[in-house]
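Dear colleague,

Please find the structure below, handed over for your review. My notes on it follow.

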Amino acid sequence: MPADRFEYAALEPTVLLLPDCDFGPGDYWQDQWAQRRLDCRKVDLGHALVPRRNALVSWIDRQVRAMTGPVFLVGHGVGALGLAAWSSLMSIESEASIVGALLVAPNDPNLAGDERLADFLPLPQSIFPFPALVVASDDDPHLAVDRGFSLARQWGCGFALMPGCGHFRPIDGIGRWSQGEELLDRFLGLIGPGTPRDPHPAAQLERSCVPPPWLDRRSAIRP
């Protein structure tokens with residue numbers, strides 16, 4: 001079961017939630033996590049009508065530098081694109097504080113129909129300096145499954161497929177997104193307070209747990 005806000009100790013990583021800019025009306029799962037969980041904080045990324053990569057990178061860097069303990073990042077949509085861009089530019093100081101990340105449905109800027117994302121091209125080619133998972137759905141109009149898996153390989157991430165979640169917005173009917181919380185809790189459980197950072201917790205996640213049906217066994221973990 002996903003953990004509620006009072007089940008975490010102060011030494012646990014702080015989870016910074018990086019929202020999409022178009023999550024639409026309704027109860028957004030990031031808002032619900034931030035309200036219910038002591039370890040989660042939703043970051044105001046200052047999204048404009050046209051999101052800019054450099055602005056998002058600056059916002060994320062400012063938030064990470066303001067933290068005094070370990071940090072876990074959860075980016076959604078454009079927030080995930082900003083996370084990816086920031087990871088390719090992060091300082092050694094920031095790198096030491098990041099224990100992991102989830103990139104939920106990062107928008108594909110190469111898709112036709114949304115010229116606002118052109119500023120995010122080209123996407124980073126470098127391997128993330130921290131363990132991470134790319135999470136995708138099989139009916140997301142903004143990210144094809146094959147493209148999501150390709151990005152996971154490109155960034156050295158694991159890959160989790162959650163069918164029927166659309167773009168993980170309130171209108172897609174995922175509510176609190178309890179499956180995402182379960183994935184987050186398993187990831188955090190592998191990190192644990194006071195334990196050395198393991199470069200392959202996503203691989204451990206697959207070995208130590210009975211894999212749920214949405215976890216792609218082709219997971220592109222860094223060698």
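In which loop is Phe 168 found? This is a predicted model, and in it Phe 168 is found in the loop between β6 and α6 (178-191). Its phi is near 60°, a positive value in a residue other than glycine. Phe 168 counts as buried because its relative accessibility is 0%, under the 20% limit.

The loop between β6 and α6 also holds Trp 177. Trp 177 is not a glycine either, yet has a positive phi of about 60°. With 2% relative accessibility, Trp 177 likewise counts as buried. Most residues other than glycine have a negative phi, and most peptide bonds are trans. A cis peptide bond, with omega about -5°, joins Leu 121 and Pro 122; Pro 122 lies in the loop between β4 and β5.

Turning to the packing, the largest nonpolar core comprises 39 residues, and among those with the most contacts inside it are Leu 73, Trp 86 and Trp 155. The elements supplying at least two residues each include β1 (14-18), α2 (53-66) and β3 (71-76). The greatest contribution, seven residues, comes from α3. Leaving aside residues up to four places away in sequence, Leu 73 touches Leu 16, Val 64, Leu 83, Trp 86, Ile 98, Gly 100, Ala 101 and Leu 102. A second, separate core of 25 residues includes Tyr 28, Val 104, Val 135 and Leu 188.

Finally, the buried residues of α5, among them Phe 149, Leu 151 and Trp 155, pack against α3, β4, β5 and β6 (158-161). Just after α5, Gly 156 takes a positive phi of about 70°.

Yours sincerely

Technical notes: Residues are numbered from 1 along each chain as its sequence is written. This is a predicted model: local features need pLDDT of at least 70, side-chain atom pairs count only at pLDDT 80 or more; totals for chains, interfaces and linings use all residues. Side-chain values use heavy atoms; hydrogens and water are left out. A nonpolar core is a set of buried Ala, Val, Leu, Ile, Met, Phe, Trp, Tyr and Cys residues joined through side-chain atoms within 4.5 Å. Buried means under 20% relative accessible area, exposed over 50%, partly exposed in between (1.4 Å probe, protein chains only). Helices (H or I, at least four residues) and strands (E, at least two) are DSSP runs, numbered from the N terminus. Contact means heavy atoms within 4.5 Å.
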